[in-house]
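The tour below goes from one selection to the next and says what is found at each stop.

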Amino acid sequence: MSGGTIVVRFASDLRLSDNPALYHAVEEGASVVALFVWAPEEEADWPPGGAHRWWLHSTLQALSKDLDEAGLQLILRAGSSPSVLAEVVEATGARAVFWNTRHTPAAKGADATLRRSLEEAGTEVRSYPGYLLHDPDAIETSAGGPYRVFSPFWRKAKDQLHVGEPLPRPSFSGLTPLNDVPGSDELKSFGLTPEARDGVDWASGLREAWTPGEKGAQRALRDFVDNRLIDYVESRDRPDLNGTSRLSPYLHHGELSPRQVWHAVQDWVQNGPMRKAADGFLEEIGWREFSYHVLHHYPHTLTEPLNDKFESFPWREDEEGLRRWQQGKTGFPIVDAGMRQLWDTGWMHNRVRMIVASFLTKDLLVHWHEGARWFWDTLADGDLANNTMGWQWSAGCGADAQPYFRVFNPESQATRHDPRGDYIRAWIPELRSVPDEYIHRPWDAPEAIRDEAGLDASGGYPSPIVDHSRARKRALEAYEGLS
Ligand SMILES: Cc1cc2nc3c(=O)[nH]c(=O)nc-3n(C[C@H](O)[C@H](O)[C@H](O)COP(=O)(O)OP(=O)(O)OC[C@H]3O[C@@H](n4cnc5c(N)ncnc54)[C@H](O)[C@@H]3O)c2cc1C
C-alpha cells in the first residue's frame, strides 16, 4: 500500500469483482471513496432512455448495498463531473482518482476533460481497461487501418488475444474508514424511475424479467453456462426457446465484465462439442468488440451511414407506420411479437431485432434513426455501439452489413425461427387460438378461424399495414436509384 485516499469514479463498471480501478485503489490506498456522478447530458452522446434509466436506478441501489456490506459508502452526486470531482477530492484530501476507461465518443471526451482538470490541480489520474477484451485501437488490418468486416477482425483479435484472469473482488479489510465521508445525493433525486419521470409506472414487466446488479449478473452467467451454453449454436436463432444468454444488459451496465464471461466459458470447455458451442457464443462477444472498434474509428456513424452511398437514400416520413411498428400493431405477427416483448421486458431476441429492423427500414422505408431511437428508449441493454451497429447492419448501410437487396420476409423468417408460433402466442394474446397452420399468416385463415379469434372485430389483431411483396419491390427500386 502506498497510502492516502483514492477516489474511485464508477460509471460503466457497476460491479465489485474484476473492477480494475476499484481493485488497484484498494490495493494502494489507505482509504477509498466510491463515487458515481450523474451527468447524462455531459457524458452521453444520447442521454439514457427510459428502460436504461430504470436499470441504472436498480443497479445503483444494488451497488450501494454491495459496497455497504464491504464497509464503503457509495457517494452519489448529480452535476458536472469536473466540479463534483474537484469538490470531492478537496473534501477528502484524495491524492488520486481512478476509473475504468469508457469508449463512447462523448464519454471519452468528458473523461479527457476531467483528466485535464484534475491533473492541472495536481491530482493523479489513472484509468484502467475493463469494459472490452481489447482496446479498440489494438486490432489493425495489415495496411494499418480499422476493420470494416467482422470475420477478419475476429480472426485477428483471437490470434492476438490474451485474456488475463479476471481480478477478484478486492479485500476491503485493510482499508481505513474515512473521517469525513462527503455528503451524497438521494438516488431518487436523479429521477431515474418511470414514476419520477412521467408519473406512470410502466416498469412492472422489467421488474419481473430482470434482477439488475452484480449478483443478478453472476447468477445469470452461471445459469447460462451451466444449463444452456451447450445448446447455444442450435438454439440461438430461435426466439421461442430460451437459447441465448440474456447477458446484454449486465454487460452494457458493467455489472459483468467480458473477461468474466470469457473465462467462465473457457473453464466450462472440456471437449469437442463443447468447444464448438463455446466458440459460437464467444463470437457474439466478438461482435460486441467489433461494434466498439467501428464506433471508435468511425464515431460519425452514430448519425451518418458508414457507407456514404446511403446519404441520399430516399427515406419516407410515415408517422402512422412508425407508430404501428412501435406499438406492435403492424399485422405481421413476428414483428408485433418482438415489439411487444421489447415494450414489456426491455429486451428483444436478436433474430427478431433483425426482422423488425428490416421491416422498418425496408418494408416501411422509415429511416434507421427512428428505429435506433425507439430501441434506445425501450431497451434495457441500449448500447450506443451495439445499437448503431445493429441498425446500420439491418438497414444495409453499416459495417459488414446485410446487403440492402436482402429484404427479410416476415412470414418465412417466422416459419423458420418460430416454427410452431410459440413466441408469437406468448406475446400476442389475440392470436393464441389461431392454429399453427395460420399463425404466421393469420390474414389467410378461413373466416371461421378469423371470427373465432376475433381478428376482424374492432380492437382485434390488425390486418397487415403493407403488402410485403409490393413493399419489397419499392425498397429495391429506392436502392437501385442510389448513385
Ligand atoms: C437492430 C439491432 C439493434 C441492437 N441493439 C443492441 C443494443 O442496443 N445493445 C446490445 O447489447 N445489443 C444490441 N443488438 C445486438 C443483439 O441483438 C443483442 O446483443 C442480443 O440480442 C442480446 O441478447 P443476449 O445477451 O441473449 O445475446 P447472446 O446471443 O447471448 O450474446 C452474448 C453477448 O454478445 C453480445 N452480442 C450478441 N450479439 C451481438 C451483436 N449482433 N452485436 C453486438 N454484440 C452482440 C451481447 O453483449 C450479448 O449479451 C442489436 C441488434 C440489432 C439487430
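**The whole chain**

Begin with everything selected, and keep in mind that this is a predicted model. The protein is built from 23 helices and 5 strands, and its C-alpha trace spans about 75 × 55 × 50 Å along the principal axes. A compact globule of 483 residues would have a radius of gyration near 23 Å, and because the protein has 24 Å, the two values agree. Buried residues account for 44% of the 483 residues. If you consider the contacts between residues at least 6 apart in sequence, 76% of them join residues at least 24 apart.

**The domains**

Next, colour the chain by domain: the assignment gives domain 1 as residues 1–130, domain 2 as residues 132–162 together with 213–297, and domain 3 as residues 308–480. Show domain 1 and domain 2 together, and you will be looking at two parts whose C-alpha centres lie 26 Å apart. The contact between them takes 17 residues from domain 1 and 17 residues from domain 2. On the side of domain 1 that touches domain 2, there are 7 nonpolar, 6 polar and 4 charged residues.

In soluble globular proteins, nonpolar side chains tend to be buried together. Here the largest nonpolar core has 108 residues, and those with the most contacts inside it are V7, V8, V33, A34, L35, V97 and I424. Another core, of 15 residues, lies apart from it and includes A217, L229, L251 and A277.

Select V33 and look around it: leaving out residues up to four places away in sequence, V33 touches T5, V7, V8, I75, V88, T92, A94, L178 and P182.

Now move to S31, which lies in strand β2, residues 31–38. Is S31 buried or exposed? S31 counts as buried because it has 21 C-beta neighbours inside 10 Å, and the cut-off for a buried residue is 20 or more. Its contacts, apart from neighbours within four places in sequence, are T5, L175, T176 and L178. Among these, L175 is 144 residues away from S31 in sequence, yet the two C-alpha atoms are 5.4 Å apart in space.

**A helix and its cover**

Select helix α12, residues 258–268, in which P258, R259, Q260, V261 and V265 are buried.

**Around the ligand**

Turn now to the ligand and show the 28 residues around it, of which T244, S245, S248, N387 and G390 come nearest. The elements that give two or more residues to this shell are α11 (248–253), α13 (272–297), α16 (350–363) and α18 (384–395). Which element gives the largest share of the shell? That element is α18, with 6 residues. Sorted by class, the shell has 10 nonpolar, 11 polar and 7 charged residues. With the domain colours still on, you can check that domain 2 and domain 3 each supply at least three residues to the shell.

**Two residues with positive phi**

Most residues other than glycine have a negative phi, and most peptide bonds are trans. Select R246, in the loop between α10 (232–235) and α11, where phi is near 55 degrees, a positive value in a residue other than glycine. R246 counts as partly exposed, because it has 18 C-beta neighbours inside 10 Å.

Then select D400, which lies in the loop between α18 and α19 (410–417) and has a positive phi near 50 degrees. D400 is partly exposed, with 18 other C-beta atoms within 10 Å.

Finish at P146, in the loop between β5 (124–128) and α6 (150–160). With 16 other C-beta atoms within 10 Å, P146 is partly exposed. Not counting residues up to four places away in sequence, P146 touches H293 and H297.

Conventions:
Residues are numbered from 1 along each chain as its sequence is written. This is a predicted model: local features need pLDDT of at least 70, side-chain atom pairs count only at pLDDT 80 or more; totals for chains, interfaces and linings use all residues. A residue is near a molecule or strand if its C-beta atom, placed from the backbone, lies within 6 Å of it. Helices (H or I, at least four residues) and strands (E, at least two) are DSSP runs, numbered from the N terminus. Ala, Val, Leu, Ile, Met, Phe, Trp, Tyr, Cys and Pro count as nonpolar, Asp, Glu, Lys and Arg as charged, and the others, Gly among them, as polar. Domain bounds come from an automatic or database domain assignment. The radius of gyration is taken over C-alpha atoms; the globule rule is 2.2 Å times the number of residues to the power 0.38. A residue is buried if 20 or more other C-beta atoms lie within 10 Å of its own, exposed if 12 or fewer, and partly exposed in between; C-beta atoms are placed from the backbone. Two residues are in contact if their C-beta atoms, placed from the backbone, lie within 7 Å. A nonpolar core is a set of buried Ala, Val, Leu, Ile, Met, Phe, Trp, Tyr and Cys residues joined through C-beta atoms within 7 Å.
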